[in-house]
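Please read them with the structure open.

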Amino acid sequence: MADCSRTVADVKSLMESFSGSGPQQMTEFYDRWAPTYEQDTNTLNYRPAHLAVELINSKFSGSREEAQVLDLACGTGLAAKLMSELGFRHFVGVDCSKGMLDQAAKTGLYQDLKLASLGAQQLPAEAGTFHVVMIIGALHEDYVPVSVVREICDALRPGGYACMTAVDPSSESGDRYRASLQRELQLMEEEGLWTHVSTQQIERYMLDVFDDHDDKQGERYFQGTMFLYRKSLD
């Protein structure tokens, strides 16, 4: 059984153990993190999954029991658990980490789980299939190329929703990635592929473990952004 008493210091130590930014190093890091991932996200007050699910639920007007949901960078299945509480029943998960997929399989919520590196491999999803596609937290210059947003759109049924969250950048490379992402989202809207539904700032995205404040009043949080788009009907 995983340790139930993990602290911010434990999470910081784990993150400091990550070295390199290649696909293999990334996969190995998330494989190591998988057993304590959900405990650690609780420790970090990680909010994007809850906020994304709330937003999707507020806009989705179809049958939740029949809706097909594609969960990209699904991790241990946190978002699927939250959506299942709202009546969603059909999930396909994709992640680059077998360790994460093994944890997601234990939820019993996914009809299919696929091992794939987003951007490096073609998205393993049939076009025009899903009522909802979500990618929570993985839109980052070290994880997923901007080109993946077109694959997200392709996977949606007409009228389907794409919900995407990203931590706001804290580096020049992050600023370039964010600008590129925003340009691509706007271009796809101009091309008539989908329409913009909502963009929301997340003020307390998750705790910054590298901040050294000891008291809760001084805790610093990363900020983030959440996007929701709806695929065009024609």
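1. Contact here means heavy atoms within 4.5 Å. Helices (H or I, at least four residues) and strands (E, at least two) are DSSP runs, numbered from the N terminus. The model is predicted, so local features need pLDDT of at least 70 and side-chain atom pairs count only at pLDDT 80 or more, while totals for chains, interfaces and linings use all residues. Residues are numbered from 1 along each chain as its sequence is written, and side-chain values use heavy atoms, with hydrogens and water left out.

2. In α7, Val149, Arg150 and Cys153 meet Leu181, Glu184, Leu185, Leu187 and Met188 of α8. By class, this contact has six nonpolar, no polar and two charged residues. Ala, Val, Leu, Ile, Met, Phe, Trp, Tyr, Cys and Pro count as nonpolar, Asp, Glu, Lys and Arg as charged, and the others, Gly among them, as polar.

3. The axes of α7 (residues 148–155) and α8 (residues 172–190) come within 10 Å and cross at roughly 35°. Axes are lines fitted to C-alpha atoms, for helices over the stretch in contact, and angles run from 0 to 180 degrees between N-to-C directions.

4. Helix α2 (residues 23–33) packs with α6 (residues 98–105) at about 35°, their axes 7 Å apart. Tyr30, Asp31 and Trp33 of α2 meet Lys98, Gly99 and Met100 of α6. This contact has three nonpolar, one polar and two charged residues.

5. Which residues does Met83 touch, not counting those up to four places away in sequence? They are Val53, Ile56, Val69, Phe88, Phe91 and Met134.
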